[in-house]
Amino acid sequence: MKYIGLLIVAVCGGILLSATSDFPDWGYSQSPASTYLSNHYIEKSIEETGVPNLVTSVLADYRSFDTMFETAVIFCAGLVCFLLLRNYNRQKKFFYRHISTGVVLCFKDNCKNLPASKKFEQMDADWIPHDLIIMTVCRILIPFIQIYALYVVAHGDFSPGGGFQGGVIFGSSFILLAISYNLQTAMKKIKEKILGLLSALGVLIYVGIGIICMFLGGNFLDYSQLAKILPVDPIHVRALGMLGVEIGVGIAVMAVMVVIYVNIASEGRHDEGL
Amino acid sequence: MTDFFIGIMTKYNYWLYIILMMIGLYAMIVKNNLIKKIVGMNIFQTAIILFYISIGYKTNATIPIIKNAHGDHGTGAHKLIIHAADYINPLPHVLMLTAIVVSVATFGVALALSVKIYQRYQTLEEDEIRMRLREK
């Protein structure tokens, strides 16, 4: 098997390498990929859309239909992880630790009256004492990560950034919380139901902006039509339309990242993670 | 022979992505562990992303964000004059932004499936899974 694989790889690699002689040189500005359409994007983007970041203007305006379905792909990935892994069977044993003394209580089966108070904390079966340094650093760091994520989403029109990147950064702040504390703490901050609703809401915002444009008499996702309801000129309003779409993307990506992490880390039981 | 080396020097980006791609392909074909196969798939995707980004590059060009465009947005009295050769091609960047998203989605779904396989067969080795399937 090893030699067959090596042979296949060598043949494929050889064919691909022999084809490179037909490719344009590294950094050649007149290569086929950099002529026709991309020149129009570079030269006309600022006139037509008023957005300096060309990647955002191409992503959310010229190719916004593509990006809409990309968001739908993300939503589907979150949905698949949820449907494949979510397991509503509760754990057999629950461990509670008395914080001041360190005595651990073990409850078997489904006890309804769990001692949820400030004296006891629920803990994982393979519990390791919390590291003070890690917890403190993460507690200080997480708000800044979230503000940075919001900046990346909101400033995506003018600097590197956008909905996908900001959404991933925001989602990773929740993952950091789940890793540094435990999964229960993170799930208390953001409930599973809210995560599901947010991931659908993101796609809905995107499609909703497209449909509003249709109702105002334009094509689907033709942001210039939004000038009829917003007090801005038709070129500026395209930037606002892109911002709305990026916010939708950011919400969907953030929720789906957390859903994927939580479901995979706890095998769908949402009780204890890594 | 010197032509061959000049060819490599001017097109080394393609050589790098092909090598990376073949590493991914080899892992996908040969490795026995499902997680290693998934990692191989991710390396393969990364090679494609590198390929796309590299064809968008132009020498002496900057990132695709228009300079001095804040404020009047180029529609005011003094219009910005933009040369396409000064900015790298934004189109491959956009395509790869969406490709990264798809790769994250496929990675998540693949990991979910392998968790499910592990729950059922207690192993992620391909030959052992095949053995368990034959026993039934």
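Is A:Arg238 buried or exposed? In this predicted model, A:Arg238 has a relative accessibility of 16% and therefore counts as buried, the cut-off for that class being under 20%. Its side chain meets that of A:Asp61 in a salt bridge, with N and O 2.7 Å apart. The two residues come from distant parts of the chain: A:Asp61 belongs to helix α3 of chain A and A:Arg238 to helix α9 of chain A, 177 residues apart. A:Asp61 also counts as buried, because its relative accessibility is 10%.

A second salt bridge within chain A pairs A:Arg86 with A:Glu192, at 2.8 Å from N to O. This pair, too, links distant parts of the chain, for A:Arg86 is in the loop between α4 and β1 (93-98), whereas A:Glu192 is in helix α8 (residues 192-215), 106 residues apart. With a relative accessibility of 18%, A:Arg86 counts as buried; A:Glu192, at 25%, is partly exposed. Salt bridges with shared partners also join A:Asp61, A:Asp222 and A:Arg238 into one network. Over all chains, the structure holds 7 salt bridges.

Between chain A and chain B, the count is 1 salt bridge. It is formed by A:Asp25 and B:Lys11, whose closest N and O atoms are 2.6 Å apart. B:Lys11 lies in the loop between α1 (2-10) and α2 (12-30) of chain B, and A:Asp25 lies in the loop between α1 and α2 of chain A, so the pair joins two chains. B:Lys11 counts as buried at 10% relative accessibility, while A:Asp25 is partly exposed at 35%.

The size of an interface is often given as the accessible area lost when the parts come together. Here the area buried between chain A and chain B is about 5300 Å², and carbon and sulfur atoms give 77% of it. The two chains also share 13 residue pairs in polar contact.

Beyond its neighbours within four places in sequence, A:Ser45 is in contact with residues including A:His40, A:Leu54 and A:Tyr62.

Finally, the cysteines may be considered. The count of disulfides over all chains is 0. A:Cys12 is partly exposed at 30% relative accessibility, whereas A:Cys213 is buried at 0%.

Conventions: Residues are numbered from 1 along each chain as its sequence is written. Chains are lettered from A and ligands numbered from 1 in the order in which they are written. This is a predicted model: local features need pLDDT of at least 70, side-chain atom pairs count only at pLDDT 80 or more; totals for chains, interfaces and linings use all residues. Side-chain values use heavy atoms; hydrogens and water are left out. Buried area is the accessible area (1.4 Å probe) that two parts lose on being put together, summed over both. A salt bridge is a side-chain nitrogen of Lys or Arg within 4 Å of a carboxyl oxygen of Asp or Glu. A polar contact is a pair of N or O atoms within 3.5 Å; within protein, one must be able to donate a hydrogen and the other to accept it, and residues adjacent in sequence count only if both atoms are side-chain atoms. A disulfide is a pair of cysteine sulfur atoms within 2.5 Å. Buried means under 20% relative accessible area, exposed over 50%, partly exposed in between (1.4 Å probe, protein chains only). Contact means heavy atoms within 4.5 Å. Helices (H or I, at least four residues) and strands (E, at least two) are DSSP runs, numbered from the N terminus.
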